[in-house]
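Colleague: I'm new to looking at protein models and I'd like to learn how to read one. Could you take me through it feature by feature?

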Amino acid sequence: MNNSSKKINGIKCNYRLATISFSVLLGLTACNQSSNKMSEKANDEKKQQSEAIVIIQSKQETNARVNDAIQADVQTRRRLAPVSYAAQSQGLMLSNVMIEKRPDPSNHIVFSTEQDREKYIKSQQNPVKQAAIEPVSTFSVDVDTGSYSNVRRILNAGKLPPVDAVREEAFINYFSYDYSAPTSIDTPFNVHTELGIAPWDERRQLVKIGIKGFEIEKADLKAANLVFLLDVSGSMNTPDKLPLLKTSLAMLTKQLDENDSVAIVVYAGAAGVVLPATKGNDHQAITTALKQLAAGGSTNGEQGIELAYQIAQQNFKKEGVNRVILATDGDFNVGLQSTEALKALVADKRKTGIALTTLGFGQGNYNDGLMEQLANIGNGQHAYIDNINEARKVLVDELSSTMQIIAKDVKIQVEFNPQQVAEYRLIGYQNRLLAMEDFNNDKVDAAELGAGHTVTALYEITLANSPNKRIDDLRYKTTQHKSNDSQELAFVKVRYKQPNSERSELISTPVFMPKNDSDWLDTSTDFKFATAVAGFAQLLKGAKYTSDWHYEDCTKLAIKNKGNDPFGYRSEFIQLVKTADVLH
């Protein structure tokens with residue numbers, strides 16, 4: 001090969017080497033760039049993950065702060081939110097009250113909490129009735145005052161009560177009125193009537209019927225066989241329940257003497273005897289037994305009631321007072337829960353001559369409906385003890401009326417004269433109404449009257465010649481009603497039994513129309529104060545029939561007619577009306 005060829009081959013070889021080197025260099029550069037991109041991508045992913053973690057942690061912290069704020073708000077609302085209640089016509093229904101659900105702004109989580117459970121029987125105001133169609137009204141008397149003191153507790157807590165908690169007759173009968181009492185136990189009570197203008201509607205009139213029981217001094221009370229049936233379940237473990245209960249009953253026992261006896265039965269998960277029948281003057285033994293009580297466990301009221309009646313029967317005083325005093329919040333959550341079954345049990349025990357008084361305590365889970373029903377059926381009285389002053393009123397100042405019955409199965413029947421009365425409406429006594437034929441039926445149970453008790457009932461009426469009737473006259477009228485005396489506005493009959501008799505006796509009295517229109521205005525201070533109380537109850541119950549009358553009007557009427565007020569109950573009433581006015 002010549003030199004020229006060698007040079008050419010060398011150049012080609014160098015060119016190929018250069019080409020290969022350049023290709024290798026390009027490959028290495030591309031690999032390096034690819035590696036850098038992968039590295040950058042990995043770094044980006046790590047950075048995004050880190051940022052995501054930070055965001056999640058930040059959101060969790062935000063959620064936690066929001067949750068804490070909502071929980072704090074829930075606690076505040078639990079303290080301040082008004083109580084919600086439920087009721088039904090027959091029996092009782094538990095109401096679970098929930099705090100309003102408020103969404104978490106970040107993830108829409110909602111919170112709710114149970115606040116209060118209270119039970120009331122549905123109670124609507126009595127309707128207006130036409131005397132031409134239904135001239136007769138019949139009901140049992142009622143001496144229970146528990147509704148008033150329970151509503152007082154609710155108002156003093158800064159809340160308006162549910163309408164079903166308000167029983168007008170309990171409001172009116174919480175106060176005593178200056179009725180004259182009979183001079184002999186042979187006539188256990190006197191009947192009083194009074195007429196006046198309805199303060200909430202001057203186009204209407206009011207008929208007041210008052211009963212005053214024979215008064216018995218404490219020293220003359222019959223010997224008492226008392227069994228305290230006390231709820232010591234966990235639901236009673238608050239200052240306004242078991243501690244107040246023990247103090248209240250200690251006050252009662254100090255009124256007893258050696259002729260009386262006291263036994264203490266408690267119930268929670270099970271029932272037991274804490275103190276066997278002990279002489280009433282052994283105050284130390286009774287007080288010591290009360291002080292040792294402590295709350296805990298669930299509630300089995302059935303066993304307790306059975307045992308209490310058994311102890312009362314064992315120590316029965318034939319000529320004395322035999323009574324079981326049930327003190328509880330009424331929260332029967334174990335055992336016999338059926339209201340009807342409990343009522344049947346108490347009705348059966350009533351036939352043995354042992355009465356049942358119920359004392360209600362506490363709030364939040366208070367079973368007002370059951371407590372009142374059991375007392376009604378058990379020939380006893382229902383009271384609600386919201387403070388120590390109420391305990392003194394019921395168990396010390398009114399001991400005679402609380403303990404000793406002077407008349408039983410007391411019924412009232414009023415017949416209105418259609419020539420004088422077009423319409424009438426009974427204020428209160430909704431759960432004490434009776435059929436017309438029940439009045440003369442001695443087998444139909446009614447309420448008892450204690451020594452010195454006063455019972456007041458108010459009818460709102462519209463006169464026959466009034467142009468302001470609530471109900472139109474009938475187009476097709478029936479035969480004209482006739483009265484023996486057209487000046488009779490109504491005829492009042494009261495039927496009752498002596499405590500040891502099963503045959504009723506009758507007291508009756510006519511109510512005459514006033515001779516002059518001005519006589520409608522000539523009413524007593526007690527009458528006017530009673531109408532203020534009745535008006536207040538109706539305002540709390542929805543003001544269906546009170547026209548343009550308001551709390552301020554009620555306050556003025558009560559202040560002007562407060563009258564004699566030795567214990568301050570009427571002054572306290574005026575303050576309650578003012579409180580309701582502010583809360584309304």
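**Pockets, cavity, charges and strands**

Modeller: Of its 31 lining residues, Ser176, Lys212, Glu398, Gly452 and Phe567 are the closest to the centre. Before we go on, keep in mind that this is a predicted model, where local features need pLDDT of at least 70 and side-chain atom pairs count only at pLDDT 80 or more, while totals for chains, interfaces and linings use all residues. Residues are numbered from 1 along each chain as its sequence is written, and side-chain values use heavy atoms, with hydrogens and water left out.

Colleague: What counts as a pocket, and what as a cavity?

Modeller: Rolling a probe the size of a water molecule over the atoms shows where empty space is left. On a 1 Å grid over the protein atoms alone, a cavity is a set of points where a 1.4 Å probe fits but cannot get out, and a pocket is an open set with protein on both sides within 12 Å along at least five of seven lines; lining residues have an atom within 4 Å of a point. Grid points are joined across faces, edges and corners, and the volume is the space filled by probe spheres set on the points.

Colleague: Where does the largest pocket lie?

Modeller: Domain 1 (129-216 + 405-466 + 486-524) and domain 2 (224-403) both give residues to its lining, so the largest pocket lies between them. Those bounds come from an automatic or database domain assignment. Helices H9 (388-397), H10 (399-403) and H13 (569-583) each supply at least two lining residues; helices (H or I, at least four residues) and strands (E, at least two) are DSSP runs, numbered from the N terminus. By class, this lining has 9 nonpolar, 11 polar and 11 charged residues. Here Ala, Val, Leu, Ile, Met, Phe, Trp, Tyr, Cys and Pro count as nonpolar, Asp, Glu, Lys and Arg as charged, and the others, Gly among them, as polar.

Colleague: And what volume does the second largest pocket have?

Modeller: That one has about 730 Å³. It is lined by 30 residues, and Arg350, Gly353, Asn379, Lys408 and Pro499 lie nearest its centre. Its lining divides into 8 nonpolar, 8 polar and 14 charged residues. Strands E8 (321-328) and E11 (405-416) each supply at least two of the lining residues, and each of domain 1 and domain 2 gives at least three.

Colleague: How many cavities are there?

Modeller: Counting those of 30 Å³ or more, there is 1 cavity. Domain 1 and domain 2 both contribute to the lining, so the cavity lies between them.

Colleague: Next, charges. How many salt bridges are there?

Modeller: Side chains of opposite charge can pair when their charged atoms come close. With a salt bridge taken as a side-chain nitrogen of Lys or Arg within 4 Å of a carboxyl oxygen of Asp or Glu, the count is 25. One of them joins glutamate 572 and arginine 152, at 3.0 Å from N to O. Glutamate 572 sits in helix H13 and arginine 152 in helix H2 (residues 146-156), so this pair ties together parts 420 residues apart in sequence.

Colleague: Is arginine 152 buried or exposed?

Modeller: Arginine 152 is buried, with a relative accessible area of 2%, whereas glutamate 572 is partly exposed at 27%. Buried means under 20% relative accessible area, exposed over 50%, and partly exposed in between (1.4 Å probe, protein chains only). There's also a network of salt bridges linking Asp201, Arg203, Arg204, Arg425, Glu460 and Arg470.

Colleague: Last topic: strands. In what order do they form the open sheet?

Modeller: Strands of a sheet pair through backbone hydrogen bonds, either parallel or antiparallel. In the rule used here, two strands pair if DSSP finds at least two bridges between them. The open sheet has 5 strands in the order E1-E12-E14-E4-E3, with antiparallel pairing. Strand E1 (129-130) and E3 are the edge strands, each pairing on one side only. E4 and E14 are joined by 8 bridges, and isoleucine 209 stands opposite alanine 457 in E14.
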